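The following note sets out several points for the reader to check against the model. Please keep the sequence and the three-dimensional view side by side while reading.

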Amino acid sequence: MSRRSACFHATLELDPTFANCWAELAYAYSVEACNGFGDDVLTSIENWRMAAENALRLDPTDSCAHACLGNVRACLGDLEGAERAHRRAFEYGSNHAGILTLLAGSKALVVGNPAEAIPLIERAMRLNPLAPPWYFGMQGRILFVAGRHEQAIAALRRSSPESPDVLMFLALSYMATGAAGEAARATARLRAEFPGISVERFITGYPVTNRDALLAIRHGAELAKLP
């Protein structure tokens, strides 16, 4: 269990009816699943599903819970259910910058129309001009799968350098621009600092079910010799 998940569990021991805390716990498990922070990706996915469903039982309008449920449905192979949940997330969170950022990543990598991803995250950043670093990490992966590699690097460099998924997409993006040395440095750091993550773990735990995104990530990983 990650430190973040443990904090949410401690809060829920005090108030198990705190719906948004369940939703944030679901998001924490989703981060755990794709970044290799947990011992077993399937356990992380199951905990993620249960937390999202608990949140929605308590508050059916929680946009974060719907966004998290959408991606975990895709992890479980239910792409139609994923799209339905994402539509509900947008319905309840259409003016919430963080929700729009999550949904932009889902449109680019999971299900929906990838062409909508970049305008959606740009809208999120207009809504929150003090965007936290993780917005730029999401923007970077969206730009990478769109083939806009220089812009992806610029966005990722504004994100959290200690995040394994950011390092992974930096390596992919550098390699796509021919910056093999920078790609090698990002890959070496990823191997040394985050041995639990791999490209396939990210694909399974995010999940990456959009065909073009899947091909771009796997091709880039082969070139960059990512684990």
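1. G140 is in contact with A152, A155 and L156, leaving aside its neighbours within four places in sequence; contact means heavy atoms within 4.5 Å. G140 itself has its place in helix 8, residues 133-145. Helices are DSSP runs of H or I with at least four residues, numbered from the N terminus. G140 counts as buried because its relative accessibility is 0%. Buried means under 20% relative accessible area, exposed over 50%, and partly exposed in between, with a 1.4 Å probe and protein chains only. From G140 to A180 there are 40 residues in sequence and 18 Å in space, C-alpha to C-alpha.

2. The model is predicted, so local features need pLDDT of at least 70 and side-chain atom pairs count only at pLDDT 80 or more, while totals for chains, interfaces and linings use all residues. Residues are numbered from 1 along each chain as its sequence is written, and side-chain values use heavy atoms, with hydrogens and water left out.

3. S159 lies in the loop between helix 9 (149-156) and helix 10 (164-176). Is S159 buried or exposed? S159 counts as buried, at 9% relative accessibility. The side chain of S159 reaches the backbone nitrogen of G137 at 3.3 Å. Not counting residues up to four places away in sequence, S159 touches P133, W134, F136, G137 and V166.

4. Helix 10 packs against helix 13 (residues 211-224) at an angle of about 80°, and their axes are 9 Å apart. Helix 10 is therefore roughly perpendicular to helix 13, a term for angles of 65 to 115 degrees. The axes are lines fitted to C-alpha atoms over the stretch in contact, and angles run from 0 to 180 degrees between N-to-C directions. On the helix 10 side, F169, A171, L172 and M175 meet I217, G220, A221, L223 and A224 of helix 13. The residues of this contact divide into 8 nonpolar, 1 polar and no charged. Ala, Val, Leu, Ile, Met, Phe, Trp, Tyr, Cys and Pro count as nonpolar, Asp, Glu, Lys and Arg as charged, and the others, Gly among them, as polar.

5. How many disulfides does the structure hold? The structure holds 0 disulfides, a disulfide being a pair of cysteine sulfur atoms within 2.5 Å. The closest cysteine sulfur to that of C34 is in C75, 8.9 Å away, which is too far for a bond. C34 is buried, with a relative accessible area of 6%. C68 is in no disulfide either, and the nearest cysteine sulfur, that of C64, is 4.1 Å away. C68 is buried, with a relative accessible area of 5%.

Methods:
Helix = DSSP H or I, 4+ residues; strand = E, 2+ residues; numbered from the N terminus. Polar contact = N/O pair within 3.5 Å; in protein donor to acceptor, adjacent residues only side chain to side chain. Parallel < 35°, antiparallel > 145°, perpendicular 65-115°, else oblique.
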